[in-house]
2 protein chains.
Amino acid sequence: MTVADPSTTIRFLMASRQCELNSLRGLLQSGELVGRISQLVHMLQRERGTTNLFLCSGGRLCADELSLREQDVTQAQAQFMAQVGVLEQRAASLPQASRLFSRTASVLYSLGLLPGLRQQIRQHNLPQPDAMAAFSEAIRHLLTLVFEVSDTAAEPVIARALIAMFSFMQGKELAGQERALGAAAFAAGGFSPTEQQTLLDLIERQERCFDTFVSFADDDNRAAWQALVTDREFERLRRLACTRLPGNMPPDGSLHWFALATTRIDAMKQIEDNLEQALMRLCRERIAAAEQACLDQQADVSGLLPTPDGDDHGYSVFIAAPDMAEAGAGWLDSDGVRPQLGRSLLSLVQQQARRLQSLDNELAEMRATLSERKQIDRAKGLLMQHRGLSEEEAYNTLRRMAMNQNKKLVEIAAAMLAVADVLGDPD
Amino acid sequence: MTVADPSTTIRFLMASRQCELNSLRGLLQSGELVGRISQLVHMLQRERGTTNLFLCSGGRLCADELSLREQDVTQAQAQFMAQVGVLEQRAASLPQASRLFSRTASVLYSLGLLPGLRQQIRQHNLPQPDAMAAFSEAIRHLLTLVFEVSDTAAEPVIARALIAMFSFMQGKELAGQERALGAAAFAAGGFSPTEQQTLLDLIERQERCFDTFVSFADDDNRAAWQALVTDREFERLRRLACTRLPGNMPPDGSLHWFALATTRIDAMKQIEDNLEQALMRLCRERIAAAEQACLDQQADVSGLLPTPDGDDHGYSVFIAAPDMAEAGAGWLDSDGVRPQLGRSLLSLVQQQARRLQSLDNELAEMRATLSERKQIDRAKGLLMQHRGLSEEEAYNTLRRMAMNQNKKLVEIAAAMLAVADVLGDPD
């Protein structure tokens, strides 16, 4: 491999294209994983809600449905695990594989808790909040896995679709928590003031997630979401839940609430499925385009290469700045190399560098948005860990600090992360 | 592969560690590449300066030295190319390989121009500014490659060492440009006002690079740099260059300048070599630590695994929250699984996730610094491309805008990148 041989430059140019293609193929598989996660989360959400109805009604409601919900989860879980196997085989080519695998271990651990949990639930051996927490924890780890995948995607358009999908999934999970919490409280006969506050928080945080979704989604899916009107009867139950005192609830409000919330969440799942399909379509389009680009590049460079003649002056004399090309013009014929080689090669090299740079700029802009979100999440995590706060309490603490200091939430989060060391280890 | 089997969780936990180890091994190879680049850049810098002396003295100075300088470059280039071959083989496991390879193609292209260039130089067929530009371009592409490698390093301590190394190399390259420009101007009999301004810019930009270096370097290398005092005679020549009118220069000032500047740059190279050695030592230490961590983890999990007994309740009943573990305590003996499995596994999973998260936080902080630098570089590139400005002019334009608007340089750069589309294509 010598520098003077233009075929070396060409080889790296083509390797660059090929790597782009490979990473797109990897994104297609990541997209499939996200689809499986979407399905598994949906089923876990439903089992969580059903479990709450069962536990809070003292076993009166949904006893028969529990095993159906478990079956759905088991089936979705098998699909998910198959895709995790694909992930495992891609280990070598994954960016930040160690993080992805660590997240996967967390997911698998939390899913592994469910079988034993279900036995305790059926024996009424587990308080409802503990059951809800275990399901929510598994879902949280699954969503974190989606976030990792979105965060490492290097193609801006696909990264954008993944961020839209992730934001939507987060919003839907908050809607799922709202359903589960409401089902439990209606079944138990009413909402405590704490539960009412949690409900309000869940509603507000949904809005924020869907706002992020709206700013990253494609037109079709954004329109589909905006056309999705929250049912008026569901809104009425929400108001009832937030204002009425315990003991003053309609009979069987829990089943009514659960049915309406499920209709709403199922409609969300429909959009989520469309998002997933749009994502996969996008991946396939980009792969096809990248395959074509590889072929085009191959065609561009074939014929550019000089016939080997043992000359080691390289291609340098023919090219560089135009004046240099003229200075060296006399050498062309004696060498058997076509005069346009240098200029064509220069233009190919520059094109590729410029294209990657512009992709990179686009990505950097998106990452800035994501990074703010991440900083806020991390600061929230810190508060949860060190002060033993719930997610809502942590978020509210941050927001209160931001309002009091007239600063942006992300500034408060960044400041908190900067002093994290001072907080010390929670152990 | 089933969820309920704790060995699946353990497998991913161990895969996560293994991926960390692999990426550290990759960083060791990247470190070697950076070392080869450092050497090649050093030789190119010297050939550039010698060429300037030769061309501007009308061939009177350094005619014999040219081929020695070429030999040094050729040798360093062969070493570099060997390491590029290693890079090529690692393609599959490289983060953002497409960008790295595209950068490599740019490097190879610009190096491929040199043989023809040298022939024109020896025939006095090339103006000095063109010769200088061609050498500087090759060095610029080589430094960009170092930047890419630094930018994709996922281990904070090593990333920090790479950033220090990159900043130092950039500072040294500006010192190299200063030497080459001064050699040319002294040999030509004096500095034009434009050349004087360029010289001042080069001196000031060196300072900024070394400031960045100082904030990222380890203690030893920072101390070595701070102990390096600029020679008083060299400072005198600098003042002379910036103030004296053409035609009023000491005889043979160019050789004197070149010798003093070379002593200074060679001392810088000594520090750069130390930085490189520190970097490699760091990589090796981290690899050894990661290897040990893999072994420790293996020891931790061996013995944790249950004997296979066809039970598919999973490990869930033994663990989770402490209360759940107690709830399931009665099942332990009948199952043959050791009761601590669940809790130990949970602690391993959490430990790994927390460790990666804290590495990630550290990295994010450093990246913020780098990203500012990158935005400024990109904005500069935009100005160079669209307005046909030199690097100095582009930088000064940005700085002037920042001062006029009382804003930080990075804010101006970000604003410029945001409106980049409006600037249109330079073609």
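Biologist: In which loop of chain A is C62(A) found?

Modeller: C62(A) is found in the loop between helix 1 (6–56) and helix 2 (65–89) of chain A, where helices (H or I, at least four residues) and strands (E, at least two) are DSSP runs, numbered from the N terminus. Before going on, note that this is a predicted model, in which local features need pLDDT of at least 70 and side-chain atom pairs count only at pLDDT 80 or more, while totals for chains, interfaces and linings use all residues. Residues are numbered from 1 along each chain as its sequence is written, chains are lettered from A and ligands numbered from 1 in the order in which they are written, and side-chain values use heavy atoms, with hydrogens and water left out.

Biologist: What is the phi of C62(A), and is C62(A) buried or exposed?

Modeller: C62(A) has a positive phi of about 65 degrees although it is not a glycine. Buried means under 20% relative accessible area, exposed over 50%, and partly exposed in between, with a 1.4 Å probe and protein chains only. C62(A) counts as buried because its relative accessibility is 14%. With a relative accessibility of 45%, H124(B) counts as partly exposed.

Biologist: How many helices and strands does chain A have, and what percentage of its residues count as buried?

Modeller: Chain A has 16 helices and zero strands, and 54% of its 427 residues count as buried. A contact means heavy atoms within 4.5 Å. Of the contacts in chain A between residues at least 6 apart in sequence, 78% join residues at least 24 apart.

Biologist: Which residues does V157(A) touch, leaving out those up to four places away in sequence?

Modeller: V157(A), found in helix 6 (residues 156–188) of chain A, touches L282(A) and R286(A) once residues up to four places away in sequence are left out. V157(A) counts as partly exposed, at 27% relative accessibility, and its C-alpha atom is separated by 20 Å from that of Q351(A), 194 residues apart along the chain. Under that sequence limit, R399(A) touches E204(A) and L409(A); R399(A) is found in helix 14 (residues 391–404) of chain A and counts as partly exposed at 24% relative accessibility.

Biologist: Which residues of chain A does S102(B) touch?

Modeller: S102(B), which is found in helix 3 (residues 97–112) of chain B, touches S16(A), Q352(A), A353(A) and L356(A), not counting residues up to four places away in sequence. S102(B) is buried, with a relative accessible area of 2%.

Biologist: At what angle do helix 5 and helix 6 of chain B pack?

Modeller: Axes are lines fitted to C-alpha atoms, for helices over the stretch in contact, and angles run from 0 to 180 degrees between N-to-C directions. Helix 5 (residues 128–152) of chain B and helix 6 (residues 156–188) of chain B pack at about 175 degrees, with their axes 10 Å apart. Helix 5 of chain B is therefore roughly antiparallel to helix 6 of chain B, given that angles under 35 degrees count as roughly parallel, over 145 as roughly antiparallel, 65 to 115 as roughly perpendicular and the rest as oblique. By class, this contact has 13 nonpolar, five polar and one charged residues, where Ala, Val, Leu, Ile, Met, Phe, Trp, Tyr, Cys and Pro count as nonpolar, Asp, Glu, Lys and Arg as charged, and the others, Gly among them, as polar.

Biologist: At what angle do the axes of helix 9 and helix 10 of chain B cross?

Modeller: The axes of helix 9 (residues 232–243) and helix 10 (residues 253–301) of chain B come within 10 Å and cross at roughly 130 degrees, which means that helix 9 of chain B is oblique to helix 10 of chain B. E233(B), F234(B), L237(B) and R238(B) in helix 9 of chain B meet H256(B), W257(B), L260(B), A261(B) and R264(B) in helix 10 of chain B, and the residues of this contact divide into five nonpolar, one polar and three charged.

Biologist: Which residues of chain A does the UniProt annotation "coiled-coil region" cover?

Modeller: UniProt positions are given in the numbering used here, feature names are shortened, and annotations may be inferred rather than shown by experiment. According to the unreviewed UniProt entry, the "coiled-coil region" covers residues 349–376 of chain A; in the model this span is 100% helix and 0% strand, with its end C-alpha atoms 40 Å apart.
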